Amino acid sequence: MTAVSAVQSALTSQIIETPSWAYGNSGTRFKVFTQAGVPRTPEEKLQDAARVHLHTGVAPTVALHIPWDRVDDYAALADHARGLGVGIGTINSNVFQDDDYKLGSVTNPDPAVRRKAVRHLLDCVDVMDATGSRDLKLWFSDGTNYPGQDDLSARQGRLGEALAEVYERLGDDQRILLEYKLFEPAFYATDVPDWGTAYAHCLKLGPKAQVVVDTGHHAPGTNIEFIVALLLREGKLGGFDFNSRFYADDDLMAGAADPFQLFRIMYEVIRGGGLTADTAFMLDQCHNIEPKIPAIIRSVMNVQEATAKALLVDADALDSAQREGDVLGANAALMDAFNTDVRPLLAEVRTSLGIDPDPMAAYRASGWADRIVKERTGGQQAGWGA
C-alpha cells in the first residue's frame, strides 16, 4: 500500500460524532438566538445529523444530551436513528441546570442533592443500555466561588464516591469519559479543572474510565498536544470534544481559530496510535450566528483536513532530524505537511465513499435548508435546556 493510499484508507474509516445540541438554538450567556427550521424534537435533530453524514460520509453517530433529548422510548429513538442511516453515540449527562445544583451536584455538601445527581447519572446508563451506546460523558460544573466556601478535599472525596457508584453500574462494553474544564461557572476552585484531576480519578476507577479532552477547556497558552501525547502514552485518552476558542470555552467551529493547533493535536493522536475506534472524536459546538448544519459540515471537514495533513507528515524525515538534533529540519517536516493542500486528496476520499467531493456545495444544492424552514413551523424549537 502506498503512502497516499494508506492516508486515504485512514480517512475513509475516520468517524466524527456530531452533538444533538449543536442543531438547536444557542447563544451566549446573555441571549439565545433563534433560527428558522431549527429542530423541535430529538427525532428532528437526528434528521439533521443524518444530512451531515449523508454529505460527509464520516459522521455516522449522534451524541445525545439528557434531559435535553429526553423521550419516552430510547430504544425506539435508536431505531429511528438507524432508519435515517445514523446511530446513537455518546450519552451526555446534565447535572448543572437544576436549582438544586447551585452549590454543586455530586460534590454538593447536601447529601440529598448528591443522591439526586447520582440517580441522574445512573439513569443515563439506563439510556445507554436502551440505545446500545458505549460512552457516558460526564462534565461537572461543580466548584466554589469563594475561599472557605467548602472543603476542597472533601469535595474530591464526594466526587470519587459518585464516580465509583456509576462505574460499578457500567456494562462490560461501556465506559465513563470524564471531562475537565478550567473554570465556569465556578471561579475560585473547579472540582475537575484539568487533565491531571480527571486522570487521577480515572486511574483510581479502572480501565473503563477514560479522560476526554475538550479543546476549549484550557488556560491560554496550554500545550494541548502535550496532554494528548501523555494520556495516549498512559492509555487513558478516551476522546475529544472538538471546537475552537479565542478566550475561553467559545465552542466555535473546530479549526476556525487555530487550524495549526488542531493539526498538532491530530499529529500526536496519530503518533500515539490514537486514530482508532477506541478514541471518540466528537464535535462540541454551539452555532449561534451561523446556520447550524453547514457549520457542522464545515467543522467535520476541518477535522478531516487536519487529520489528512497530520497523516502526511514524513515520519522518517522527522525521526532522522530529531535524532540528529536538526531543529529546523524537524520543524520543517511538520510545516511541510501542514502547508500541503489536502483538499484534492479529500475529494478523492469522498468520491470513494460514493458522496459528492464538495459537501458544502452538495448540501446547498440538496434543498434541505429550505425544506426544514417550510416544514418545521409551530411547536417549541430545541435549544439550551430543551
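Me: How much space lies in the largest pocket?
Reply: About 1000 Å³. A pocket is an open set of points on a 1 Å grid over the protein atoms alone, where a 1.4 Å probe fits, with protein on both sides within 12 Å along at least five of seven lines. The volume is the space filled by probe spheres set on the points, which are joined across faces, edges and corners.

Me: What am I looking at, and how are residues numbered?
Reply: This is a predicted model: local features need pLDDT of at least 70, side-chain atom pairs count only at pLDDT 80 or more, and totals for chains, interfaces and linings use all residues. Residues are numbered from 1 along each chain as its sequence is written, and side-chain values use heavy atoms, with hydrogens and water left out.

Me: Back to the largest pocket. Which residues lie nearest its centre?
Reply: Lys 181, Glu 184, Asp 249, Asp 251 and Trp 384. The lining has 31 residues in total. A lining residue has an atom within 4 Å of a point.

Me: How does that lining split by class?
Reply: Twelve nonpolar, nine polar and ten charged. Ala, Val, Leu, Ile, Met, Phe, Trp, Tyr, Cys and Pro count as nonpolar, Asp, Glu, Lys and Arg as charged, and the others, Gly among them, as polar.

Me: Glu 184 lies in which loop?
Reply: The one between E8 and E9. E8 is strand 175–179 and E9 is strand 189–190. Strands (E, at least two residues) and helices (H or I, at least four) are DSSP runs, numbered from the N terminus.

Me: What is phi of Glu 184?
Reply: Near 75°, a positive value in a residue other than glycine. Most residues other than glycine have a negative phi, and most peptide bonds are trans.

Me: Is the bond from Glu 184 to Pro 185 cis or trans?
Reply: Cis, with omega near 5°. Pro 185 lies in the loop between E8 and E9 too.

Me: Which residues does the other cis bond join, and where is the proline?
Reply: A cis peptide bond joins Ile 66 and Pro 67, with omega about 20°. Pro 67 lies in the loop between strand E4 (61–65) and H3.

Me: H3 packs with H2. At what angle do they cross?
Reply: Roughly 25°. The axes of H2 (residues 42–56) and H3 (residues 74–84) come within 10 Å. That makes H2 roughly parallel to H3. Angles under 35 degrees count as roughly parallel, over 145 as roughly antiparallel, 65 to 115 as roughly perpendicular and the rest as oblique. Axes are lines fitted to C-alpha atoms, for helices over the stretch in contact, and angles run from 0 to 180 degrees between N-to-C directions.

Me: Which residues meet there?
Reply: From H2, Pro 42, Glu 43, Leu 46, Gln 47 and Ala 50. From H3, Leu 77, His 80, Ala 81 and Leu 84. The classes are six nonpolar, two polar and one charged. Contact means heavy atoms within 4.5 Å.

Me: How do H1 and H12 pack?
Reply: H1 (residues 3–12) and H12 (residues 343–352) pack at about 60°, with axes 10 Å apart. That makes H1 oblique to H12.

Me: New topic. What is the volume of the second largest pocket?
Reply: About 410 Å³. It has 19 lining residues, and the closest to its centre are Ile 15, Arg 134, Ala 277, Thr 279 and Ala 280.

Me: Which strand gives the most to that lining?
Reply: E5, with three residues. Strands E5 (87–92) and E12 (280–283) each supply at least two.
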